[in-house]
Amino acid sequence: MRYVRLGAAGLKVSRICLGMMTFGDTATRRWHLEEEAAEPIVKQAVDAGVTFFDTADMYSDGVSEEITGRLLARLFPRRDDYVLATKVYYPTGSGPNDGGLSRKHIMAAVDASLRRLGTDYVDLYQIHRLDHETPVEETMEALHDVVKAGKARYIGASSMYAWEFAKAQYTAQAAGRTRFVSLQNHYNLIYREEEREMIPLCRDQGVGVIPYSPLARGVLAGNRARDGRPATVRAGTDPLAESRHDETDFEVIDVVRAIAGERGLAPAQVSLAWLLGRPGVTAPVVGATRPHHVDDAVAALEVSLTEEEVARLEAPYRPHPVIGHS
């Protein structure tokens, strides 16, 4: 495993982040793994040197945070041995203040997350999306207070437009508040719109990029055929994935498979190796429901693509409508 700083922050993270969204209540999603099934996969990641783990308060109605907290407490000798990230924004209840980024919700949500995680602090507290109904000044001040209270070491953001991210950072800086150190955005071989504005901004400002959906919810790993037939349980029960790719994406996927065949690698390794080699990318957030998912992610760190292979992978890309910001 390799370890790098999260952008310009002093915090060091593993170059693979294990996404914990796949662990939760099977009644919520058929493809979720409950705690007993999740433990060997998380242990495998820990044994491989992964120290960076990402969850959210809304994943499986909070069950993901509960599982994450218990597993990491069992698998690491000390709390300081791993980097724990969670998120706030999406509704976690039916009340009018049970979602968003108001001061009221942020303060309630961070305490609830800490209770579920069984810890006194998270290393990275992220806004899951931007709340357009709350003044950004209110949100940034509340997040600053979360940090000053010792409940989070750093703050991060997720998908939004580059101008919105710049506005939030400027608002915080102008008021002497805590700025975001990371951005978790939607970025992979078949969705590269982030390269236009957001990633150059992050690189310029020293913000770490931790892409979610690095394998396009499994599409780049081969969980769907060109005719739409699913190859896994998740592929057959994940309508969001269907809305995020189209027929032209299979031109890219065909090249991924070709290079994987030439190299004797899994398609996931080729796709992740490309992403790990992109400027500004700190650590892809990789989900895993099977042991080989962890193997592929770790193995991708050792895959060095040639300039010719990178050019082949990138050539079929076609621009996409901007998605993932809501």
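Biologist: Is threonine 248 buried, partly exposed or exposed in this model?
Modeller: Keep in mind that this is a predicted model. Threonine 248 sits in the loop between α8 (239–243) and α9 (249–263). Buried would need under 20% relative accessible area and exposed over 50%. Threonine 248 comes out at 35% relative accessibility, so it counts as partly exposed.

Biologist: And what separates the C-alpha atoms of threonine 248 and isoleucine 190?
Modeller: Along the chain, threonine 248 and isoleucine 190 are 58 residues apart.

Biologist: Let's move to lysine 148: is it buried or exposed?
Modeller: Lysine 148 belongs to helix α4. The cut-off for exposed is over 50%. With 63% relative accessibility, lysine 148 therefore counts as exposed.

Biologist: Since we're on α4, how do α3 and α4 lie: roughly parallel or oblique?
Modeller: The axes of α3 (residues 103–117) and α4 (residues 136–148) come within 9 Å and cross at roughly 30°. Angles under 35 degrees count as roughly parallel. So α3 is, relative to α4, roughly parallel.

Biologist: What classes of residue make up the contact of α3 with α4?
Modeller: On the α3 side you have Arg103, Ile106, Met107 and Val110, and they meet α4 residues including Glu138, Glu141, Leu143 and Val146. Sorted by class, the contact of α3 with α4 has six nonpolar, one polar and four charged residues.

Biologist: Now the other pair, α10 and α11: are they roughly parallel or oblique?
Modeller: Helix α10 (residues 267–276) and helix α11 (residues 291–300) have axes that come within 8 Å and cross at roughly 40°. The limit for roughly parallel is under 35 degrees. That angle therefore makes α10, relative to α11, oblique.

Biologist: How many nonpolar residues are in the contact of α10 with α11?
Modeller: From α10 come Ala268, Gln269, Leu272, Ala273 and Leu276, and from α11 come Asp296, Ala297, Ala299 and Ala300. One residue of this contact is polar and one is charged, and the nonpolar count is seven.

Biologist: Which residues touch the most other members of the largest nonpolar core?
Modeller: Nonpolar side chains tend to be buried together in soluble globular proteins. Here the largest nonpolar core has 82 residues. Tyrosine 125, for one, is in contact with residues including Val88, Ile106, Val110, Leu143 and Tyr154, leaving aside neighbours within four places in sequence. The residues touching the most other members are Val42, Phe53 and Tyr125.

Biologist: How many residues are in the second, separate core?
Modeller: Val13, Ala85, Val181 and Ala283 are among its members. The count for this second core is 13 residues.

Biologist: What about backbone angles: what is the phi of tyrosine 89?
Modeller: Most residues other than glycine have a negative phi. Tyrosine 89, in the loop between β5 (83–88) and α3, isn't a glycine, yet its phi is positive. The value is about 160°.

Notes
Residues are numbered from 1 along each chain as its sequence is written. This is a predicted model: local features need pLDDT of at least 70, side-chain atom pairs count only at pLDDT 80 or more; totals for chains, interfaces and linings use all residues. Side-chain values use heavy atoms; hydrogens and water are left out. Axes are lines fitted to C-alpha atoms, for helices over the stretch in contact, and angles run from 0 to 180 degrees between N-to-C directions. Helices (H or I, at least four residues) and strands (E, at least two) are DSSP runs, numbered from the N terminus. Angles under 35 degrees count as roughly parallel, over 145 as roughly antiparallel, 65 to 115 as roughly perpendicular and the rest as oblique. Contact means heavy atoms within 4.5 Å. Ala, Val, Leu, Ile, Met, Phe, Trp, Tyr, Cys and Pro count as nonpolar, Asp, Glu, Lys and Arg as charged, and the others, Gly among them, as polar. A nonpolar core is a set of buried Ala, Val, Leu, Ile, Met, Phe, Trp, Tyr and Cys residues joined through side-chain atoms within 4.5 Å. Buried means under 20% relative accessible area, exposed over 50%, partly exposed in between (1.4 Å probe, protein chains only).
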